[in-house]
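Subject: Structure handover

Hi,

Here is the structure I promised to pass on. My notes follow below it.

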Amino acid sequence: MKRLLIGTAFAAFSVLSLAPIATAERLVSVVTSDYDGRTYQIDLENRKEYMNKSGWRHVLFKISSDQDRNWHWAIASCSPYQVYVTAYNWGWETGMTNLSSNTVGGKLARAACNW
């Protein structure tokens, strides 16, 4: 009986200790800003994809930076590529404007939509 309890405890500990490692693999550093040097990362594990009534694909995801370790919800539009993050004061561009793939917002939107 003692062996069974020790084996069960060891197995449970092994599984629980690996869980953070598996989750950490889903955090991806996407871009470093030339403006202020911030590196932004997104959580690929908790993305949610949906289509709005107009047929536009959007992805809801979490974002943080190396200077702000808190996770914030963000929305990426996948066509056109745009990103909306209230915590960083990033809003939607007007019209069907694609954010350039050379911008922080453009890289984040593409990563959230296509990773």
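β4 (68-78) and β5 (81-84) pair in the antiparallel sense over 4 bridges. Two strands count as paired if DSSP finds at least two bridges between them. Strands here are DSSP runs (E, at least two residues), as are helices (H or I, at least four), numbered from the N terminus. Between β4 and β5 sit 2 residues, making a hairpin. A76 has V83 as its bridge partner in β5.

This is a predicted model: local features need pLDDT of at least 70, side-chain atom pairs count only at pLDDT 80 or more, and totals for chains, interfaces and linings use all residues. Residues are numbered from 1 along each chain as its sequence is written, and side-chain values use heavy atoms, with hydrogens and water left out.

L60 is bridged to I75 in β4.

Next, the core. The largest nonpolar core has 22 residues. Such a core is a set of buried (under 20% relative accessible area, 1.4 Å probe, protein chains only) Ala, Val, Leu, Ile, Met, Phe, Trp, Tyr and Cys residues joined through side-chain atoms within 4.5 Å. Y40, I42, F61, I63 and L108 touch the most other members. α2 gives the most to this core, with 6 residues.

Last, K107. It lies in helix α2 (residues 104-114). At 34% relative accessibility, K107 is partly exposed, meaning between 20% and 50%. Its contacts (heavy atoms within 4.5 Å) include V30 and S100, leaving out residues up to four places away in sequence.

Best wishes
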